[in-house]
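Please read them with the coordinates open.

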Amino acid sequence: ALQLFGKWLDHEGIEKSYDEARRTPIKEVMSRNVVAVTEDETVDRVVELMVHRDLNRIPVVRDGVPVGIVARFDLLRMMMKKGDVKP
C-alpha cells in the first residue's frame, strides 16, 4: 500500500491514480502566475523572490523566451564556492 494525497491506496488504487494522471492535460496542473527574471537580474533579487514567494526555481527569460532556470540549489552551491557557507 502507498499513501497518496493523504489516502492509503492498494495496487489497484495506485494504478487508477497513475492512469488518471497520465490522461490529465498539463494545463490543469501547471502554474499560471509564473515569476521569471532576465539574465541581468541580480542574485540578491532572485533570492528575495524565492524567499518572499516561497519558490524553489525561477525561470530565466530573454525577450520572453526561456533560456534557463535558477534553483535554490544553484544559489547554495554558489555560496559554498565563495566560502559564504561551510560544508
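**Notes on the fold**

1. The secondary structure of the protein chain amounts to three helices and five strands, and it should be kept in mind throughout that this is a predicted model. Read from the N terminus, the elements follow one another as β-β-α-β-α-β-β-α.

2. On overall dimensions, the radius of gyration of the protein chain is 19 Å, whereas a compact globule of 87 residues would have a value near 12 Å. Taken along the principal axes, the C-alpha atoms fill a box of roughly 50 × 35 × 20 Å.

3. Three strands make up an open sheet in the order β3-β4-β5, and the pairing within this sheet is mixed. Its edge strands are β3 (37-38) and β5 (65-71), each of which pairs on one side only.

4. The antiparallel part is the pairing of β4 (residues 57-62) with β5, where six bridges join the two strands.

5. Which strands does α2 lie across? Helix α2 lies across β3, β4 and β5, and runs at about 135° to β4.

6. The packing of the helices deserves a separate look, since two packed helices are described by the angle between their axes and the distance between the axes. For helix α2 (residues 43-53) and helix α3 (residues 72-82), the axes come within 11 Å and cross at roughly 135°. That angle makes α2 oblique to α3, given that an angle has to be over 145 degrees to count as roughly antiparallel. The crossing of α2 and α3 is left-handed.

7. Which residues make the contact between α2 and α3? From α2 the contributors are Val-43, Val-46, Val-47, Met-50 and Val-51, and from α3 they are Arg-72, Leu-75 and Met-78. Sorted by class, this contact of α2 with α3 has seven nonpolar residues, no polar residues and one charged residue.

Notes. Residues numbered from 1 in each chain as written. Predicted model: local features only at pLDDT ≥ 70, side-chain atom pairs only at ≥ 80, totals over all residues. Heavy atoms only, no water. Axes fitted to C-alpha atoms, helices over the stretch in contact; angles between N-to-C directions. Helix = DSSP H or I, 4+ residues; strand = E, 2+ residues; numbered from the N terminus. Parallel < 35°, antiparallel > 145°, perpendicular 65-115°, else oblique. Left-handed = near helix turned anticlockwise from the far one by under 90°. Contact = heavy atoms within 4.5 Å. Nonpolar A, V, L, I, M, F, W, Y, C, P; charged D, E, K, R; others polar. Pairing = 2+ DSSP bridges. Rg over C-alpha atoms; globule rule 2.2 N^0.38 Å.
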